[in-house]
Amino acid sequence: MPGKVHVTTTINGESVEFLCEPRQTILEVLRDQLDLTGTKEGCSNGNCGACSILVNGEVIDSCLMMGVEAEGQEITTIEGVASADGLHPLQQKFLEHAALQCGICTPGFIVAAKALLDQESDPSEERIRLYLAGNLCRCTGYDKIVRAVQDAASEMAE
Amino acid sequence: MNAFDYAAPQSVDEAISLLSAGNGNIGMLAGGTDLIAQLKEGRKIDLMIDLKQIPEATALSFDEDSGLSIGAATPCSKIYSYDVVQSRYPALVDCTSLIGSIQIQNRGTVGGNFCNASPAADTPPAVIVLGGTCRIAGPNGTREVAAEDFFTGPGQSVLQSGEFLVSIQVPTPAANSGAFFLRFIPRNEMDIAVANAAASVVLDSDKTTIQEARVAIGAVAPTPLLIADAGAALVGKAVDDEDAIEAACAASRAAARPISDMRGTIEQRIHLSGVLTRRAIQGAIQRAKES
Amino acid sequence: MATKTEDYLGITDYKVIGTRPIRHDGVDKVVGRAKYGADIDMAGMLHGAVVRSPHAHARIESIDTSKAEALAGVKAVITVEDLPLQEDKIEDLGEGAANLRHLRANVLADGKVLYHGHAVAAVAATDIHTAQEAVDLIDVEYEVLQPVLTVQEAMEEDAPLLLEDQTTQSLGEDTGQKSNVCTHFRHELGDVEKGFAEAELVIEREFDTATVHQGYIEPQNATALWAADDQITVWCSTQGAFTVREQTAQILDVPVSQVKVVPMEIGGGFGGKIRIYLEPLAAILSRQTGRPVKMVMSRTEVLQATGPTAGSYIKCKMGIDKAGKIIAAYAYMAYESGGFPGSWAAPGAMCIFAPYNIPNVLIDGYEVLVNKPQTMAYRAPGATNAAFASETIIDEICEQLDVDPLEFRLNNSAREGTRRADGPVYPRIGNEECVKTALSSEHYATQLSGKNRGRGIASGFWFNVGLKSSAAASVNSDGTVSLVEGSTDIGGTRTSIAMQLAEVLGIRAEDVKPQVADTDSIGDTDVTGGSRTTFATGWAAYQCALDIKEQLIKRAAKLWEISADDVVFDDGTFSSSDSSKTISFKDLAGMLDEIGGPVMGRATVNPSGVGGAFAVMIVDIEVDTETGKVEILRVSMIQDAGKAVYPSYVEGQMQGGVAQGIGWALNEEYAYNGDGLLANASLLDYRMPTCLDLPMIETHIVEVPNPGHPYGVRGVGEVPIVPPAAAVANAIYDAVGVRMTNLPMSPAEVLKALWAKNGGTGTA
């Protein structure tokens, strides 16, 4: 059996080292080895977005990235979105707008929406819907999610 | 997922030696959006070769003489964010910006889309109508294959054992030209094309007559198809010649030989070949007029 | 709006109910800290995986586990032989029921596999990859049998039988006839033949609807530890910890007290997380290894082998008299039950004509075995299929009579005193109010213009359920209340339940600290399903608060050394006739140690005063006539909530139901190939709506209080999925003039209908 690979990476601003088998996805490493279970697994093949993480600021499905690929990258997970100062505006607006029901898709949505708002300060509703189309939510019908992202964008622009 | 080894070569030569040393069960990793999904579904490999450390495989550059070079491991979002692609190759924006989700576009590559060789792949028709070529590295050096000749069947390409796709070259668009790609999916995102189509046209200087035209369709045959008859039907015709456009659509429908599956029926796909061909031609003409 | 009844308090100045606090579990869920079932990790934990049938219908000839057992890291392999035998015994699941013998054979196939993905064996290994490798090493030999995939095929006399011992129960009697038809039932009201004979207009249509899945984003999971003292703990994501305990104990043949179920946060259910799948496997693998075993389904497994809801064949006929009243209605409803008995025609039959006052009705219902996974509830199970039939016929009637579809619905509306075909006479209901709200809505008043655009209307009904709930609460010294309840929280019910307690005690919603407890820590509580949780567990919280109030009145009396009869509690303050004696809830809570010690309230309820819910949907769509694709332009859902306790989440239920209903309407379906293999077991090809497929979803909450609840609460979760499929079909007709009778109305189907109408070949 092939040996494990030593990987050095940055996760939520901290330098992290781990050993993983080449066949382990970064999702598996985050959840099962690093206890970062906020990133969820919904479909395991890139069709639901529940496992969204940021790699160098860009949102990806962590189920479709291998752990070994994390070498030298900067990763942000849902656990790294809030700060010591409190919740990120997206997190606060998700709460205020009741933009979550069961909550399993919520980390993925917040991470994806953060990637959007980090790049664009005033996205249109259409743009938000396009950007978040890779994140499935089965509870909300998306209405309150889109409104929460819009509201967070306005607040962050102030 | 079965166990495998992982290697991240730093050069084309290193990748070629890894390929020749392997026993054939090798997975080439670019964005992983097809490969990793396939591994989870039971595909077995012994070695995963990650192409992302190879400069030629991740380069994205443009030169007025040689055109656009897209490294095989360049993610879609890098391509459609590149200002030259946005200004000169809008058909590449069309196809790279609708594959999967933003998450997929941040990982998935045109090179992977080619090598996976799905009949329904979204980037080949656009690359084909733009006259793109595939630069393939192998033990005996590098060769170039026209994009329309790259595919040999579902999941099959001209890549031989020991070879890999390094980059895709797309010539500089001619003056007064335009190209357009679109697909039909049941949802508005996150689907595999039921059918897709791309067209490119070069107009005369007063932008009223079509001088050159290429049409390609996908998801309606074992490989993406360059429809020579469709292009021929347009050449020399006025941009508003509806009969010529209908002749091109008829050529696409005639060339389509789809299957029925859970994504679409034969009748629907043949019909859509015509509908999408017309919309692609109209989109290409519009862009050429605006160029 | 409604006057006080025996149960309904008639309160008009709520302080907490009707407000929009931040949900109590919200922060944990937006920062990724909330623990769902798959987030469990334990020292020494093993990972399980399941061997599944590659065939839709086959006899198992042999299972060879030896190669798997020999693989390094594999700790246990089990088959059905490892599950205790079960007799025929019907187990009520709270929403649906199961015969234990069938439940066992669904958990692990017993001699025969009945659907693609049916579990055949399970393994536990040191890591998930090894477990999956072991699955590939288990050799199962099958004798492949002819699959039966539609109810029509399954009902044919010479159809292959799925269960050789299955006989038809017809009108309550066992016919002794071996058949795939498990059940035939009938509801009769008036004289339907006479009604049709008197009708001026009769329309009859046939409908086919595809099997669909709830599509919760979190796959099923279960982790079990069978300890050396034979105490079994199960951590899982479920709609009902108590039904998981009951089912698991039965399948393992142990007393319920030996099983503790710890409900983790649950990532969606919609009816699909009630039956057990993995729990007994994890438990037995744990017993065999002495280690905790975690099992998590892949998305493919979820789609192949959990409980989608029934596809159906419905024939529906309605007759209208001269006055434009529905005088007769008939429905033949055949629903798939999947590989084992138990389906959703019965609730469908309760809903199909429910919004209308119809004197003559006949409904024949059939539940039929097919080679698909055993069906399960899905949000108003059976009702969406039913409304698709009846509500599109209503639309056709309105067209033929040239009457406004909402005026027609008002003119024929069921109201208090109307008898439904299956028996019940309605108490006060809000159907008319919903229709009137739709009629006066800005959406309906706004003309829709544009080519190939159309508007559709449909009504829907769901009866809602009551069932058992328990709550316990303790008063904290800082004036807050810790509330423990047994309803797993799928969408904000901790808060909607806590608000009902807070309302009684005059404290803020935020001053209640609700938590969902395991089965050893709270009284029996039925599933979070049937739109019952805010209604019934909310009622338990209300009762629990009354219990606290009574005790605190006695404590205030003790404090003041007066009679408890002389203490009143109002708006959070205790007072007596002596105006100097007042004390707030908070201050009294801080003194409890000095006046008798801690105070706890408790309540168990099993309320019967369930209030049915009605809804009306307006939808505007555009059809691309070249591709058959339907775009949703605008949608409004109007729904009677009785009383919206937590309006943000009532709206959320309405919006979610609409979104699921639109998915069902347009693209969702189980696509089986001719061999009965599921071809689209992924979220790529099982096409649920993305946010780019939907517009904002407008909501109008109507509040006609349910006379059977203290606060007038009706269930709100399910009815919004009932109208969408029919409303979209009616809008398609309005847009392009084709009547769609099959679900989903996918682009290919709409295109086919357009070709049929326009006489095109499709390739012109």
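The following exercises, each with a worked solution, concern a predicted model.

**Exercise 1. The contact between chain A and chain B**

Determine how many residues of chain A are in contact with chain B, and which element of chain A supplies the largest share of that side.

Solution. 
- Step 1. The contact pairs 26 residues of chain A with 23 residues of chain B.
- Step 2. On the side of chain A that touches chain B, the largest share comes from strand 4 (residues 58-61) of chain A, with four residues.
- Step 3. Sorted by class, that side of chain A holds 13 nonpolar, eight polar and five charged residues.

**Exercise 2. Helix 2 of chain A**

Solution. 
- Step 1. A residue counts as buried if 20 or more other C-beta atoms lie within 10 Å of its own.
- Step 2. After helix 2 of chain A comes Ala98(A), with a positive phi near 55°.

**Exercise 3. Domains 1 and 2 of chain B, and Leu165(B)**

Describe the side of domain 1 of chain B that touches domain 2 of chain B, then decide whether Leu165(B) is buried or exposed.

Solution. 
- Step 1. Chain B is divided into domain 1 (5-53), domain 2 (55-170) and domain 3 (177-290).
- Step 2. Between the C-alpha centres of domain 1 and domain 2 of chain B the distance is 18 Å, and 14 residues of domain 1 of chain B are in contact with 22 residues of domain 2 of chain B.
- Step 3. Helix 1 (residues 12-21) of chain B gives the largest share of the domain 1 side, five residues. By class, that side has seven nonpolar, five polar and two charged residues.
- Step 4. Leu165(B) belongs to strand 10 (residues 164-170) of chain B. Leu165(B) is buried because it has 27 C-beta neighbours inside 10 Å.
- Step 5. Neighbours within four places in sequence aside, the contacts of Leu165(B) are Ala72(B), Gly111(B), Phe114(B), Cys115(B), Cys134(B), Ile136(B) and Leu159(B).

**Exercise 4. Helices 18 and 19 of chain C**

Classify the crossing of helix 18 of chain C and helix 19 of chain C by angle and by hand.

Solution. 
- Step 1. The axes of helix 18 (residues 647-666) and helix 19 (residues 724-736) of chain C come within 8 Å and cross at roughly 55°.
- Step 2. Helix 18 of chain C is therefore oblique to helix 19 of chain C.
- Step 3. The crossing of these two helices of chain C is right-handed.
- Step 4. From helix 18 of chain C, Val658(C), Gly661(C), Ile662(C), Trp664(C), Ala665(C) and Leu666(C) meet Pro724(C), Ala725(C) and Val728(C) of helix 19 of chain C. This contact has eight nonpolar, one polar and no charged residues.

**Exercise 5. The two domains of chain C**

Find which helix gives the most to the side of domain 1 of chain C that touches domain 2 of chain C.

Solution. 
- Step 1. Chain C is divided into domain 1 (26-34 + 466-605) and domain 2 (382-464 + 610-758), with C-alpha centres 38 Å apart.
- Step 2. In contact are 15 residues of domain 1 of chain C and 18 residues of domain 2 of chain C.
- Step 3. Helix 16 of chain C gives the most to the domain 1 side, with five residues.
- Step 4. By class, this side of domain 1 of chain C has four nonpolar, ten polar and one charged residues.

Key: Residues are numbered from 1 along each chain as its sequence is written. Chains are lettered from A and ligands numbered from 1 in the order in which they are written. This is a predicted model: local features need pLDDT of at least 70, side-chain atom pairs count only at pLDDT 80 or more; totals for chains, interfaces and linings use all residues. Two residues are in contact if their C-beta atoms, placed from the backbone, lie within 7 Å. Ala, Val, Leu, Ile, Met, Phe, Trp, Tyr, Cys and Pro count as nonpolar, Asp, Glu, Lys and Arg as charged, and the others, Gly among them, as polar. Domain bounds come from an automatic or database domain assignment. Axes are lines fitted to C-alpha atoms, for helices over the stretch in contact, and angles run from 0 to 180 degrees between N-to-C directions. Angles under 35 degrees count as roughly parallel, over 145 as roughly antiparallel, 65 to 115 as roughly perpendicular and the rest as oblique. A crossing is left-handed if the near helix is turned anticlockwise from the far one by less than a right angle, and right-handed if clockwise. A residue is buried if 20 or more other C-beta atoms lie within 10 Å of its own, exposed if 12 or fewer, and partly exposed in between; C-beta atoms are placed from the backbone.
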